[in-house]
Amino acid sequence: MEIDTFSPEETHAAGRRVAQDLEPGAVICLVGDLGAGKTVFAQGIADGLGIDEPVCSPTFTLIQEYGGGRLMLYHFDVYRIDEPWDMDDLGYEEYFYGDGVCLVEWGSLIEELLPENTIYVNIAKDNSKGFDYRRISIRGLELE
Ligand code: ADP
Ligand code: MG
């Protein structure tokens, strides 16, 4: 499924909408260039789960946990991961096969570790359609 957005607010709203349909154990692989809108989308997911805490990029922490919503949100950024066994050190299976929602930025770098039912979200710019245009492509999730 494709969602075209023309502002950060619309990308945020897309995240909120996706969040409505997430079930316990959902894993989302979120891919897009720097500045594509991954954090904006992640903030929409958190908002849609009812999480009040502000969501930021987990770049230097590898994982950030957010509670207080319908489901726990585990926000990973694996961009700087050197070897998949860093993920073992993190105990990733507890998260990927747990009851919360995992949002894995740059998850395609650890593709072989992602569960079979992973939801793939790609955010891409297309400057020919405007500076604020983004195409959000979603695979593996049926929206209500
Ligand atoms: P990333 O986390 O992918 O590096 P961010 O979400 O931090 O990207 O930043 C996206 C930037 O692009 C923000 O400054 C946001 O205001 C801007 N922007 C412009 N148009 C859009 C859009 N349609 N969707 C998301 N962000 C947009
Ligand atoms: Mg970001």
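Colleague: Let's start with the shell around ligand 1. How many of its residues are nonpolar, polar and charged?

Modeller: Keep in mind that this is a predicted model. In the shell around ligand 1, five residues are nonpolar, six are polar and four are charged.

Colleague: And which residues come nearest to the ligand?

Modeller: There are 15 residues around ligand 1, and the nearest are Thr11, Gly35, Lys38, Thr39 and Asp132.

Colleague: Where does ligand 1 sit?

Modeller: You'll find ligand 1 in the largest pocket. Two elements, helix H1 (8-20) and helix H2 (38-49), each give two or more residues to the shell around the ligand. H2 gives the most, with three residues.

Colleague: Okay, now polar contacts. What should I look for?

Modeller: Look for pairs of N or O atoms within 3.5 Å. Here, a polar backbone atom of aspartate 132 is 2.7 Å from a nitrogen atom of ligand 1. On the oxygen side, the ligand has one oxygen atom 3.0 Å from a polar backbone atom of glycine 37, and a backbone N or O atom of alanine 36 lies 3.3 Å from an oxygen atom of ligand 1.

Colleague: How much of ligand 1 does the protein bury?

Modeller: Taken alone, ligand 1 exposes 570 Å², and the protein buries 74% of that.

Colleague: Switching to aromatics: how do I read a ring pair?

Modeller: You describe a pair of aromatic rings by the distance of the centres and the angle of the planes. A search of the whole structure turns up six aromatic pairs. One of them is tyrosine 79 with tryptophan 106, a tilted pair at 5.2 Å centre to centre with 55° between the planes.

Colleague: Which parts does that pair tie together?

Modeller: Tyrosine 79 is in the loop between strand E4 (73-77) and helix H3 (85-90), while tryptophan 106 is in the loop between strand E5 (101-105) and strand E6 (119-125), so the pair links parts 27 residues apart in sequence.

Terms used:
Residues numbered from 1 in each chain as written. Chains lettered and ligands numbered in written order. Predicted model: local features only at pLDDT ≥ 70, side-chain atom pairs only at ≥ 80, totals over all residues. Heavy atoms only, no water. Near = heavy atom within 4 Å. Polar contact = N/O pair within 3.5 Å; in protein donor to acceptor, adjacent residues only side chain to side chain. Areas by Shrake-Rupley, 256 points an atom, 1.4 Å probe, with all protein chains shown as cover. 1 Å grid on protein atoms, 1.4 Å probe; cavity = no way out; pocket = protein on both sides within 12 Å on 5 of 7 lines; lining within 4 Å. Sits in = over half its atoms within 2 Å of the grid points. Helix = DSSP H or I, 4+ residues; strand = E, 2+ residues; numbered from the N terminus. Nonpolar A, V, L, I, M, F, W, Y, C, P; charged D, E, K, R; others polar. Phe/Tyr/Trp six-rings, centres within 6.5 Å; stacked < 30°, edge-to-face > 60°.
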